[in-house]
Amino acid sequence: MNTGTAGRIVSFQRMEDGTREDYEFLDRSEREYALGLPDTILGALNKLDHTLQGYPVSRLEHSLQAATRALRDGADDELVAAALIHDVGDELAPYNHAEIAAGILRPYVRPEVTWIVEQHGLFQSYYYAHHSGGNRDGRDRFRDHPWYQACRDFCANWDQCSFDPAYQWQPLSSFEPLVRRIFTRPPHDPRYVGGVTP
């Protein structure tokens, strides 16, 4: 059997019939594939330039504004990356997009950042839910959570205010090195994701 990954396939048609060699090969193949994650994320962000009508800026421009605001406020790399990709799940999961973005971040950043992104949809609803009869105070169920204020600040300072076509945001290319730094980290490395989630 060929030991390289190009053109090779496993010996099984049912996973229960796989061999150690099959799964070692698949592990190598997956690791090679994952090296392209930064390009996949940048491509997904570019697609946001053509979605969701009605706002004065595209979803990509909104994301770039949020990331630029985070950067200018002195946020660390993980929070800037979170601000950049927080809405990347909009196209595939319009009703739970925050979970998609949090899932992308989770193997590469500290739990606080993942939690903020995962909850930002709920916290963001504070600004609009009451206009359609919803509960704008849904975020208050997390009032005693240690990252409650950080999520409020994320939404107040970087998310809800980033629909301004006059704001001078940085282009996606300026965030490319950051995306490559964060998403080429070893996944689930305790140096980055260590710590206990409250």
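Cys161 has a relative accessibility of 24% and counts as partly exposed (buried means under 20% relative accessible area, exposed over 50%, and partly exposed in between, with a 1.4 Å probe and protein chains only). The model is predicted, so local features need pLDDT of at least 70 and side-chain atom pairs count only at pLDDT 80 or more, while totals for chains, interfaces and linings use all residues. Residues are numbered from 1 along each chain as its sequence is written, and side-chain values use heavy atoms, with hydrogens and water left out.

The structure holds 0 disulfides (a disulfide is a pair of cysteine sulfur atoms within 2.5 Å). Cys151 is in no disulfide, and the nearest cysteine sulfur, that of Cys155, is 4.7 Å away. Cys151 is buried, at a relative accessible area of 0%. For Cys161, the closest cysteine sulfur is also that of Cys155, at 9.9 Å, which is too far for a bond.

The chain contains 9 helices and 0 strands (DSSP runs, H or I of at least four residues for helices and E of at least two for strands, numbered from the N terminus). Its C-alpha atoms fill a box of roughly 60 × 35 × 35 Å along the principal axes. Of the 198 residues, 41% are buried. Among contacts (heavy atoms within 4.5 Å) between residues at least 6 apart in sequence, 64% join residues at least 24 apart.

The largest nonpolar core has 41 residues (a nonpolar core is a set of buried Ala, Val, Leu, Ile, Met, Phe, Trp, Tyr and Cys residues joined through side-chain atoms within 4.5 Å). Leu45, Leu84, Ile85 and Phe183 touch the most other members of this core. At least two core residues come from each of α2 (37-47), α3 (59-72), α4 (77-85), α5 (97-105), α6 (111-124), α7 (148-159) and α8. Helix α4 gives the largest share, 7 residues. With residues up to four places away in sequence left out, Leu84 touches Leu45, Ser63, Leu64, Ala67, Leu172, Phe175 and Val179. In soluble globular proteins, nonpolar side chains tend to be buried together.

His188 lies in the loop between α8 (172-183) and α9 (190-193). Its phi is near 65°, a positive value in a residue other than glycine. Most residues other than glycine have a negative phi. His188 counts as exposed, at 55% relative accessibility.
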